[in-house]
Amino acid sequence: MKADPKGVLTGIHFIDGDQAACEGALAAGCRFAAGYPITPSTEVVERFAGRVPLVGGVFIQLEDELASSIAIQGAAWAGKKVMTVTSGPGLSLMMEHVGFAAFTETPCVFVDVQRGGPSTGLPTAPAQADMMQVRWGSHGDYPMIALSPNSPQECFDLMIEAFNLAEEYRVPVFFMMDEVVGHMIERVEIPEASEIEVTERKWTDKKGKDYLPYEADESLVPAMTKAGDGHRIHITGLTHDERGYPVMNASTQDKLLKRLLGKIEINRDKLVDIREDGVEGADVVVVSFGITSRVAGAAVEMARANGVKVGHLRMIITWPFPSKRIKELAQTVKAFIVPELNMGQMVIEVERAVVSDAEVISIPHAGGTVHEPEVILEKIMEAAR
Amino acid sequence: MSANPDVVMGVEVENPVMPYLRQDRLPHIWCPGCGIGTTVNCFARALTECGLDLDQTAIVSGIGCTGRVAGYLDLDSFHTTHGRAIPFATGLKVGNPDLKVVVYSGDGDLTAIGGNHFVHAARRNMDLLCICVNNFTYGMTGGQCTPTSPVGAKQTTMPYGNFEHPFNLPHLADACGAVYVARWTVYHVKQLTRAMKEGLNKKGFAFIEVLSPCPTLYSRRNRLGDGVDQVKYYKERSKINNDVDTKDLSLEFQGDITVGKFVDRERETWLDAMNNRFTSVIGDKYEPYGVTNGEK
Amino acid sequence: MAKNEIRIGGLGGQGVILSGIIIGKAASIYDGKHATLIQAFGPEARGSSCSAQVTVDDDPIGYPYVKKPDILVVMSRDAFTQFVPNLKPGGMLLYEEELVDPTDLPKGVKKFGIPATRYAEELGRKLVLNIVMVGFFAGVTGLLSPKAVEKAVLASVPRGTEDLNLRAFKKGFEHGQRSVGV
């Protein structure tokens, strides 16, 4: 279906990533956000608080991130499209509810404007060091989709995709911004509502007790309902059967977890979203995401000017990880170079895919600023030798 | 409660609260002599009498023995995470203001791990009925000390007797701005049912504390006998006083219990306050949120 | 046009960031170029000094930071002292001439001064100092079309202040054109 024009601020704007992310959420149909102030993410909800009353939705500032990350799920079960917005320390507090959303299959978007960590770290400076936390930080196994925008325009465009994916797969989706992307101001073009495709929630058409909240077809994604629709559902964070009732035994757990992970696994090829630039026949491929992809892009250009056959593979969707494509490339590529604003997180995934087929070179960065393109260039030149 | 009709003098009689329960989930998990089931019985009766559309009534629990209440009631029911029933309920209510939303949980869940949410929901006057079954202990984890455990009570984590000063929950709720505050015990089934009914029909943050025995852990560890002995204690030592100042409602170990309805007042709810503010500042461009059918 | 990296520095309250936004907006919305603005966040954003980094290019911009600006615009002595060492040799310095004494410049830097604060006061509001500087920037650098910058000014200032701001823009622009002998 098309976006509700009420939420779409059609036009050409010069705004930062935080504001663009807010506009993306409104365009996607988000009508409920809850949050707690935390630098450098607060601008997203500040704008939302100003805009949403005129769009027919609500923002509520809650007492902490624990409350925010579960209140959105209450609102999702009331039928709303929802998000919460945070950064490192707040993200840590939200972890339990990432698991609750995944287990109860509550569509929601978590926006993480990454800053330097651990702990309070660098509140006003960038990092990409929450990548593994969002994948594995809640206890237990759970499916994950994460997107990594690298510009305000992408904060708008990919935010719509984040909401659409949350609805399509009934999963929590992580929107992995960082301080630079959040505060960087660039041109953002917001199209007409009629040009924006939004995914409607997969509502059940069954009535009353005929509806089983966790009965799924071959898509593995059950149809949803909302409180007040007469289904008298029960939703629990305990291991549950198709009725949603707690059934705590190994076979129910096995069946449920396999379906939950399967939702993403069977759609992995469809979900993978990468941008490739000159990777075919390249000796060296730089694998990047988020803000680092822009720095890596600059370094790749410089290396090409030096005559190196270097490709660039940028992940738009970081989870699920594009293992298959990297494995393929590893058959011909000499080395992969993985710059990231952390001490080596996504490089572990690259290594997992490559095994021993090619060299994998990490370019870690503790955060606080972005890499110098020259640092990446140097590694490319070394690897190409 | 049992899944089968009771047999009274040779005649099968269905318990009148049965239609309000998910009968396919019975028998329940609660121990013999536990008071939680009694509160559920009262709540089901309150539901029959309150006149609400039960398709538009939702119940939210946290974790713990009382946290399982949501799973037994045939309403839209949400068994959430430990301590977070109130913020989940806040999202549910604000997400669809036409719903009547009830939070039903225990003392540990609502006032320890969830204490911050409790005080803020009362402060905001979020339109929720919050029922706290207070059995002075964490039952599901084996009888640890909670913020309501009386001084001197033995708990697994207070083996020499609790030395922490407990919360006076009605006073806390009152001070934070709840518009309806009552305390009853599971002995006071009629009054409790009436309070639940009033709470269901109250607009704003309504709070009901229900004292309830935990014979398996709290009573046994403190040598207080079985469930019936605790109910006898409630009967003998409770005094109804609706006019008492909530600050005088502290509880002592096996001491006197003041019960009653202590607060019943009107205050702008969170949603009304938001709509009023935006209407006055933004004017006609603002379409009041969630008032198609009004709050219930 | 090659890539142009611009650093604008001044005091909190001088409208430093807004002047950067106007330049970026003019380039990316009204002049068909690409522009990226990075604000200096952190304690310095609340204290005395304040700065914006703007990159303007015909091509999409990768690396977003300005390390060695081609053009440095300073509205305060502190900003001058802080940022002038990184100004590219042969680059351009635009400065508030009654607040900044431009000495010890990198090699080959062309400098252009304007009494922007005084002009703003003469126009009736000291607040429009940043718009005078934007006009001056447009007049001196010729990087952007004056029409584009004018549109960006109008799209960025509070309603009801358009006339005043346009006059401020023109004042700066004319001074800039005189400085480069147009």
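This is a predicted model: local features need pLDDT of at least 70, side-chain atom pairs count only at pLDDT 80 or more; totals for chains, interfaces and linings use all residues.

Trainee: Why is A:Ala223 called buried?

Mentor: Buried means under 20% relative accessible area. A:Ala223 has 18% relative accessibility, so A:Ala223 counts as buried.

Trainee: Where is A:Ala223 found, and which residues does A:Ala223 touch?

Mentor: A:Ala223 sits in the loop between S9 and strand S10 (234–236) of chain A. Not counting residues up to four places away in sequence, A:Ala223 touches A:Arg170, A:Lys202, A:Trp203, A:Thr204, A:Tyr211, A:Pro213 and A:Glu215. For A:Lys202, 21 residues apart from A:Ala223 along the chain, the C-alpha separation is 5.2 Å.

Trainee: Is B:His188 buried or exposed?

Mentor: The cut-off for buried is under 20%. At 6% relative accessibility, B:His188 therefore counts as buried. B:His188 lies in the loop between S9 and helix H7 (189–201) of chain B. Leaving out residues up to four places away in sequence, B:His188 touches B:Tyr234, B:Ser238 and B:Val259.

Trainee: What makes B:Ile282 partly exposed?

Mentor: Partly exposed is the range between the buried limit, under 20%, and the exposed limit, over 50%. The relative accessible area of B:Ile282 is 29%, so B:Ile282 is partly exposed. B:Ile282 belongs to helix H10 (residues 270–282) of chain B. Not counting residues up to four places away in sequence, B:Ile282 touches A:Pro53 and A:Leu54. The C-alpha atoms of B:Ile282 and B:Phe262 are 20 residues apart along the chain and separated by 38 Å.

Trainee: What makes helix H6 of chain B mostly covered?

Mentor: In helix H6 (residues 169–176) of chain B, 6 of the 8 residues are buried. These are B:Leu169, B:Pro170, B:Leu172, B:Ala173, B:Asp174 and B:Cys176. In chain B, the buried residues of H6(B) pack against helix H4 (107–113), helix H5 (115–124), strand S6 (129–134), strand S9 (180–185), strand S10 (206–211) and strand S12 (257–264).

Trainee: Which residues touch the most other members of the largest nonpolar core?

Mentor: That core has 97 residues, and A:Phe336, B:Phe78, B:Leu92 and B:Phe205 touch the most other members. At least three residues of this core come from each of domain 1 (5–195) and domain 2 (275–384) of chain A. Another core, of 76 residues, lies apart from it, and its members include A:Ala21, A:Ala27, A:Val180 and A:Ala299.

Trainee: What is B:Leu92 in contact with?

Mentor: Contact requires heavy atoms within 4.5 Å. Leaving aside neighbours within four places in sequence, B:Leu92 is in contact with A:Gly74, A:Ala75, A:Trp77, A:Ala78, A:Ala227, B:Ala58, B:Val60, B:Phe78, B:Leu99 and B:Val101.

Trainee: Which chains share the most contacts?

Mentor: There are 2 pairs of chains in contact, and chains A and B share the most contacts. Chain B and chain C do not touch, their nearest C-alpha atoms being 18 Å apart.

Trainee: How is chain A divided into domains?

Mentor: Chain A is divided into domain 1 (5–195) and domain 2 (275–384). Taken over C-alpha atoms, 27 Å separate the centres of these domains. In contact terms, 28 residues of domain 1 of chain A meet 24 residues of domain 2 of chain A.

Trainee: Why is the largest pocket said to lie between domain 1 and domain 2 of chain A?

Mentor: Both domain 1 (5–195) and domain 2 (275–384) of chain A give residues to its lining, so the pocket lies between them. The space in the largest pocket is about 650 Å³. The lining has 25 residues, and those closest to the centre are A:Asn150, A:Arg294, C:Pro60, C:Ile61 and C:Gly62. H10(A) gives the largest share, 5 residues.

Trainee: How do the lining residues of the largest pocket divide by class?

Mentor: They divide into 4 nonpolar, 11 polar and 10 charged.

Trainee: How many cavities are counted, and what lines the largest cavity?

Mentor: The count is 3 cavities of 30 Å³ or more. The largest cavity has a volume of about 60 Å³. Among the residues lining the largest cavity are B:Phe136, B:Pro150, B:Tyr218, B:Glu252 and B:Ile257. By class, its lining has 8 nonpolar, 2 polar and 1 charged residues.

Technical notes: Residues are numbered from 1 along each chain as its sequence is written. Chains are lettered from A and ligands numbered from 1 in the order in which they are written. Side-chain values use heavy atoms; hydrogens and water are left out. A nonpolar core is a set of buried Ala, Val, Leu, Ile, Met, Phe, Trp, Tyr and Cys residues joined through side-chain atoms within 4.5 Å. Buried means under 20% relative accessible area, exposed over 50%, partly exposed in between (1.4 Å probe, protein chains only). Domain bounds come from an automatic or database domain assignment. On a 1 Å grid over the protein atoms alone, a cavity is a set of points where a 1.4 Å probe fits but cannot get out, and a pocket is an open set with protein on both sides within 12 Å along at least five of seven lines; lining residues have an atom within 4 Å of a point. Grid points are joined across faces, edges and corners, and a volume is the space filled by probe spheres set on the points. Helices (H or I, at least four residues) and strands (E, at least two) are DSSP runs, numbered from the N terminus. Ala, Val, Leu, Ile, Met, Phe, Trp, Tyr, Cys and Pro count as nonpolar, Asp, Glu, Lys and Arg as charged, and the others, Gly among them, as polar.
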